[in-house]
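This report looks at one residue and its surroundings, then at salt bridges and a surface patch.

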Amino acid sequence: MFATLGLFQEVPCPEGSQCSLLTCMFSHKGVDTPFDEPSAADDSQLVQNDETAAEVPARKKPKLDARVTQSGGLSQKEQPRHAPKERPSPVPKSESSIPRDTPAVASGNDAKAKSASQGPSKIQSMSRAVTPPPSRPVSTQATAVPSRPEPSESRLPPRRAPRESLNPRMIPKTPATHGVRLSILTKLHGAMAALNNKVAKDKDNTEKHLVLTPNELVIMALDEEEKFARENASVYGNVIKLRIVKLSKMSKEDWAKEVKAHLNERYYKLAPVTPEAKPKVFTTGMTVNEEIALASQLITPLNGLENHGYVTRPPTQEEVEGAKKGVIESKGWEKCDRCGGRFQVFPGRREDGSLTTGGKCTYHPGKPLYPTRKQTDHITGHREAYYSCCNETLGTSSGCTKGNSHVFKVSETKRLASVLQFAETPAQPDKGPQSPVCFDCEMGYTTLGLELIRLTAVSWPEGKPLLDVLVRPIGEVLDLNSRFSGVFPEHYTKAAPYGSTAPSQEESAPLQVVDSPAAARSLLFSLLQPDTPLIGHAIDNDLNASRIIHPTIIDTVLLYPHPRGLPLRTSLKILSKRYLDRDIQTGGNRGHDSREDAVATGDLVRVKAAETWKTLRAKGWRIEGVRLVPPPGVTGSEPVRGLGPGAGHKRGSSG
């Protein structure tokens, strides 16, 4: 036996125009059949007949996937073909408008009456000799039947997902056997289907267009599995299993966001991105001068906090030289700040151009969290910690995210000074007193550790921008830490040198850039005096990144101490939600906005200022200008019991 497929495709058909086979193995090129395309004149005559439209045999090999236009009708190029010579008798419009490939819904009596009313016609006599394939109706008012209703998004074009089976796609380098990939793909599809069913059964859901059809669900699972197989081949099994676990714990709201992202990427853009609502303006009911006067009651002395990262004196030259010698002797070996592995770093690049060893870094960007304590914990056993980024149990995988290189952080003061020495805030007698300043910094990883890449300062208590610049770090950039810093390479590409143009107050305007951390520090010094309150959250990190020693600070970490004390700290995001009812740091992978963080930090200090003034006013204190005046018999330096930073917190201790 031999395969006959294609052997006779060049041989003319013996039956010629009389051939009635739908899939004939012979060639019909150049054969004048009754199903050839009509002339333009014939087509125009058919279109002009608005009252009736005849249903005639289609071409011998019709296209079964005619495109449907967004308006609901067939495009001009894909209108059904008509016979050019023999014109069949007209058929009533109500009959011709029913597609042959669409199941009709009618009662038995209606069907009998309809068949009885139809008389013999030329089409029926022709069909006895030739049985044509099913064709679409010929009607000038043909409308497309939507594949699925989308009442809430009627303006959207229909989604046309290609038909695929639930079978892993072929890729050049497969990370696992076909059986393993098929098993994982089936579980991934099952987790997605469960979420899709929840959305479909939700009667209160107004976004019914987010309910995927079975075919669209298969396409989404295939797309995601293929992406993991291509981009995470070395850790394919772990990463995709973590993804399945995350899906099993995902809420309907988070699933809706992922479906929107998938539909936007593959089919269309669902809706324009709405601008985020601006946070509510916080008010204390006091004047600016009254709030500035109360800042003196919130200042935290740094003595005793050196063990928690606060620097009160610059390292000596001997300490700096010792740190440099230690770095040389270590030959560039560091511990990764993300995965904890050991690797080498080469400032200035190695001969082959590389900056680090160890390849890519696999890690968890989220912190380990513990579930809420329950009364049944003593029965069920200990509580298992899980990662906030992927909900995976602590210790079960190496990571859910992959970085291009390993990175490290330097915390030792003398080693920080070996890169750039600390500087104390200089006195500027010609400027006079300066108003309090809130500032926030963003850091990125370089070959010299975690360096300053953005510095932002706003006025307090108004929150008006004073300074916002990008900073070129000293070392070569390994990772801008964009997930948290919010600084991306395009920011540097669009940035203009500082001072070349007038700074813009618009948030979307490109930032200006300075050449070094020392230059950014000098700009901040121009806004300060040694006695100017400098406000920040976990301000020791920002001061150390800028290499600044400032004697007058207000730190919201100390104003709102963690219940268990330092080194534990409550995040700015939690404090902002708890005391300001404000959501910040909601950008996801876009990272944080240092201007938003600085304003939120300042408003948290204003909350404490309002609480302090309420108590002081009851005790007879008053405010004159920007000066706080105590009642008779009380010195101005006497602290107010139960108020101020770290009330109830033993400074200098970790418990």
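In this predicted model, Val513 is in contact with Leu470, Val471, Arg472, Tyr492, Ala495, Ala496, Pro497 and Tyr498, leaving aside its neighbours within four places in sequence. Val513 belongs to strand 13, which covers residues 512-514. With a relative accessible area of 5%, Val513 falls under the 20% limit and is therefore buried. One of its contacts, Tyr492, is 21 residues away along the chain, and the two C-alpha atoms are 7.4 Å apart.

The structure contains 25 salt bridges. Three of them are listed here.

| Salt bridge | N to O distance |
|---|---|
| Arg454 and Asp468 | 2.8 Å |
| Glu624 and Arg622 | 3.0 Å |
| Arg627 and Glu624 | 3.3 Å |

Arg454 and Asp468 pair through N and O atoms that are 2.8 Å apart at their closest.

Glu624 forms salt bridges with Arg622 and with Arg627. Glu624 is partly exposed at 35% relative accessible area, and Arg622 is partly exposed at 41%. Elsewhere, salt bridges with shared partners join Glu164, Arg169, Asp223, Glu226 and Arg230 into one network.

Val11 sits in the segment before helix 1 (40-48) and is partly exposed, with 36% relative accessibility.

Definitions and conventions
Residues are numbered from 1 along each chain as its sequence is written. This is a predicted model: local features need pLDDT of at least 70, side-chain atom pairs count only at pLDDT 80 or more; totals for chains, interfaces and linings use all residues. Side-chain values use heavy atoms; hydrogens and water are left out. Helices (H or I, at least four residues) and strands (E, at least two) are DSSP runs, numbered from the N terminus. Buried means under 20% relative accessible area, exposed over 50%, partly exposed in between (1.4 Å probe, protein chains only). Contact means heavy atoms within 4.5 Å. A salt bridge is a side-chain nitrogen of Lys or Arg within 4 Å of a carboxyl oxygen of Asp or Glu.
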